[in-house]
Amino acid sequence: MAGLNSLNVSRPPLNQRASVFMLCYDLKNFSRVAEVLHISQPAVSKSIKAFEEQVGVKLFTRTKPLQPTPEAALLYNKLRDITSDLNEFFEELRIRRENLPSLRLGMLESLSVTLGVSLARELRKDHGDIAITSGSANVLIPRLQNRTADLILTNNLYTNTKAISRKRIFEEPTLLIFPKGYLSKHRVRIQDWKDLKHLPLPYIGYWNECGAGLVNEMFLRSRGISLIPDIAVDCNMLLTTMVADGLGWGMARPTVIMENQNFSDSLDIIASPEPIFFRAVYLMWISKEFDAEASRLAKLIKNQVAAVLAPKINEVLPGVTLNINVEHQGL
């Protein structure tokens, strides 16, 4: 049998006892009230007695039908007015929520878990409906172009600068990841990017059509290096899983390590050689369509990166920092 904690009356209850009182006033019968609320008749009687003690006056004469006292009539009318006001207020809140703008935000897979939750919590305050999708840049940018996403949080791959606007949010350094113990066992030292070409361990890289693969290839090419993956993947979890399992080494970002923390104990994680390869993350949108929203959202995301993401990364990867207020251009 349901208890008083499961009350679900038509009017929003001020409290449980007040709701039982108002129903008793309407129906004039404890047993009928018990049937409506799916509780026992003694529970109704006990609730009314406790409410009478709370308000300090007798509310009913226990006859059949119940006879409300004059004080009960005054209290009932007051509670009814308050309930009516609450109903109007709740309706105003509902209409306001329905009239709030919707938002379709795309973000990099590596950011969706660590940043997606905190962003959704903040965005919910000012938006009626929110859709957050994840993927690599080669997936997110077409969504923006065909307008199935309003704004995207991604690295920079597009060339049509006239159609798409962007704001740089932060930069993160590239890390090199190896199977646990591999570096010390084989006395491997990485002092230059070109040293990577001579590693006997297979290179696990991103599929060259996905965003991370293109960004990595652009940087390596700028250093005069060509690395063809022995194994190519298109998602972060598969990359970290394979490296942790000893199949090879790879290049990852702090957000990727955060996304796959359960593998971090099975990896050797080291900084990349100089010059450090920074991957820049941008907020992008179709020019002139979401300019005002983008300005507000960029500020919100930067605040969330500084307050939520950066501290988590520093906790898991001591000494690794994100550049939130960057001056130089990253890839």
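How much space lies in the largest pocket? About 260 Å³. Before I go on, a quick word on what we're looking at. This is a predicted model, where local features need pLDDT of at least 70 and side-chain atom pairs count only at pLDDT 80 or more, while totals for chains, interfaces and linings use all residues. Residues are numbered from 1 along each chain as its sequence is written, and side-chain values use heavy atoms, with hydrogens and water left out.

Okay, pockets. On a 1 Å grid over the protein atoms alone, a pocket is an open set of points where a 1.4 Å probe fits, with protein on both sides within 12 Å along at least five of seven lines; lining residues have an atom within 4 Å of a point. The volume is the space filled by probe spheres set on those points, which are joined across faces, edges and corners.

The largest pocket has 16 lining residues, and the closest to its centre are G213, E217, L227, I228 and P229. Helix α8 (211–222) gives the largest share of that lining, five residues. Helices here are DSSP runs of H or I with at least four residues, strands are runs of E with at least two, and both are numbered from the N terminus. By class, the lining has nine nonpolar, five polar and two charged residues. For those classes, Ala, Val, Leu, Ile, Met, Phe, Trp, Tyr, Cys and Pro are nonpolar, Asp, Glu, Lys and Arg are charged, and the others, Gly among them, are polar.

Now find Y203, in the loop between α7 (182–185) and β8. Y203 counts as buried because its relative accessible area is 6%; buried means under 20%, exposed over 50%, and partly exposed in between, with a 1.4 Å probe and protein chains only. Leaving aside neighbours within four places in sequence, Y203 is in contact (heavy atoms within 4.5 Å) with residues including L227, I228, P229 and M251. Y203 and M251 are 48 residues apart along the chain, and their C-alpha atoms are separated by 8.9 Å.

On to the second largest pocket, at about 190 Å³. Its lining has 20 residues, and nearest the centre are E109, S136, Y206, A212 and N236. Helix α5 is one of the elements that supply at least two residues of this lining.

Helix α5 (residues 109–123) also holds S110. Is S110 buried or exposed? It's buried, because its relative accessibility is 3%. Its side chain makes a polar contact with the side chain of T255, at 3.4 Å. A polar contact is a pair of N or O atoms within 3.5 Å; within protein, one must be able to donate a hydrogen and the other to accept it, and residues adjacent in sequence count only if both atoms are side-chain atoms.

E172 sits in strand β6 (residues 164–173) and is buried, at 0% relative accessibility. A polar contact of 2.5 Å also joins the side chains of E172 and R279.

A nonpolar core is a set of buried Ala, Val, Leu, Ile, Met, Phe, Trp, Tyr and Cys residues joined through side-chain atoms within 4.5 Å. The largest one has 54 residues, with F170 and L111 among those with the most contacts inside it. Helix α11 (residues 291–316) gives the largest share, nine residues. A second, separate core of 21 residues includes L23, A72, Y76 and L79.
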